[in-house]
Structure formats: structure tokens, C-alpha cells
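I opened this model to look up its salt bridges, its disulfide, its sheet pairing and its cores. The entries below follow the order in which I went through them.

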Amino acid sequence: VQLQASGGGSVQAGESLRLSCTVSGNIFSFGVMGWYRQAPGKERDMVALIKSVGRTYYTDLAKDRFTVSRDAAGTTVYLQLASLKPEDTAVYYCAASNIASINEDDYHYWGQGTLVTVSS
């Protein structure tokens, strides 16, 4: 099982980015795909998750600015980041689980992470 995250980069505050996570196989094999982020010197926190049926959940880190989605085939999961702020600077990870959980211990497969840097 492989997850490949991409789409990070350096942007100015207020700009947008779309992160992608390509799943070997598809999301239907797992049930749940989560996006996490880890800011410098901080713990890794959940941002959002999407179930294979399409239902989504957002933490306070993401509400009103970030959107998680997937393609119809379930092979790619996206995290659209909008109105980015410097405090959104972090490495963003995608992860797969069979449980709709915010606990990272429930996610057994992880992508390598993609760095998002937001400057003011």
C-alpha cells in the first residue's frame, strides 16, 4: 500500500493550494482517508477526513478554509487550502484507515508528507 502526497509549495498569505494524495488501489479498500499536518516544533494534528462514501469531517484547523474531496474512482484524495495564513505552514500528510478517527494511531498507512510554507 502506497500513499503519495504532493502539491505543497511556498505561497503568500491569502493564496490557495491544492494538495493531492494518490492511493495505490483506491480509498474504497480502506474506508477513510485523513489529512494531518505537523507544524515546526509541534505535534501532528488532524485537519480533515473523508470516508469512501464521501462524507467529510473537519477539525477546527480546517473549518471554513479547507475542503477535502476525492475523485470518482477513489484513487486520489484532495485537500484544497484557501486563504492560507502563515500559521498554516506545516508538513501535510495523508493517511489511510478503516476507522473514521482523529487519532493518528488508527491510521496505518501514511504518505511521505508535502511541505506548505506560507509567508506574510
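Entry 1
I started with R65, which counts as buried because its relative accessibility is 17% and the cut-off for buried is under 20%. The model is a predicted one, and I read every value here as computed from it. I placed R65 in the loop between β6 (56-58) and β7 (66-70). I then listed its contacts, leaving out residues up to four places away in sequence: R65 touches Q80, L81, A82, S83, L84, K85 and D88.

Entry 2. Salt bridges.
How many salt bridges does a search of the whole structure find? I got three. The contact of R65 with D88 is one of them, with the closest N and O atoms 2.7 Å apart. D88 sits in the loop between β8 and β9 and R65 in the loop between β6 and β7, so this pair ties together parts 23 residues apart in sequence. Both D88 and R65 are buried.

I next looked up R37, whose side chain meets that of D88 in a salt bridge at 2.9 Å, N to O. R37 lies in strand β4 and D88 in the loop between β8 and β9, so parts 51 residues apart in sequence are tied together by the pair. Is R37 buried or exposed? R37 counts as buried because its relative accessibility is 9%. For D88 I noted a relative accessible area of 0%, so D88 is buried too. I went back to the pair of D88 and R65, at 2.7 Å between the closest N and O atoms. Through shared partners, salt bridges join R37, R65 and D88 into one network.

I then turned to R44 and E104, whose side chains meet in a salt bridge at 3.0 Å, N to O. R44 belongs to strand β5 and E104 to the loop between β9 and β10 (109-110), so the pair ties together parts that are 60 residues apart in sequence. R44 is partly exposed, with a relative accessible area of 23%. E104 also counts as partly exposed, at 27% relative accessibility.

Entry 3. The disulfide.
I searched for disulfides and the count came to one. It joins C21 to C94, with an S to S distance of 2.1 Å. C21 lies in strand β3 and C94 in strand β9, so the pair ties together parts 73 residues apart in sequence. I also checked the torsion about the S-S bond of C21 and C94: it is about 70°, so the disulfide is right-handed. C21 and C94 are both buried.

Entry 4. The cores.
Which residues of the largest nonpolar core touch the most other members? Of the 29 residues in this core, I found M33, W35, L79, L81 and Y92. The elements that give two or more residues to this core are β1 (3-6), β3 (17-23), β4 (32-38), β5 (44-51), β7, β8 (76-81), β9 (90-97) and β11 (114-119). I took M33 as a case and left out residues up to four places away in sequence. M33 touches residues including L3, C21, V23, I27, V77 and A95. A second, separate core has seven residues, among them V32, Y36, L49 and Y107.

Entry 5. The open sheet.
In what order do the four strands of the open sheet come? I read the order as β1-β3-β8-β7, with antiparallel pairing. β1 and β7 are the edge strands, each pairing on one side only. On average, neighbouring strands of this sheet are turned by 15° against each other, direction ignored.

Entry 6. Two hairpins.
I noted seven bridges between β4 and β5, in the antiparallel sense. Across this pairing, Y36 stands opposite M46 in β5. The two strands form a hairpin with five residues between them, and G41 in the turn has a positive phi of about 75°.

β5 and β6 also run antiparallel, joined by three bridges. Here I50 stands opposite T56 in β6. This hairpin has four residues between β5 and β6, and G54 in the turn has a positive phi of about 105°.

Technical notes: Residues are numbered from 1 along each chain as its sequence is written. This is a predicted model: local features need pLDDT of at least 70, side-chain atom pairs count only at pLDDT 80 or more; totals for chains, interfaces and linings use all residues. Side-chain values use heavy atoms; hydrogens and water are left out. Buried means under 20% relative accessible area, exposed over 50%, partly exposed in between (1.4 Å probe, protein chains only). Contact means heavy atoms within 4.5 Å. A nonpolar core is a set of buried Ala, Val, Leu, Ile, Met, Phe, Trp, Tyr and Cys residues joined through side-chain atoms within 4.5 Å. A disulfide is a pair of cysteine sulfur atoms within 2.5 Å. Two strands pair if DSSP finds at least two bridges between them. Axes are lines fitted to C-alpha atoms, for helices over the stretch in contact, and angles run from 0 to 180 degrees between N-to-C directions. A salt bridge is a side-chain nitrogen of Lys or Arg within 4 Å of a carboxyl oxygen of Asp or Glu.
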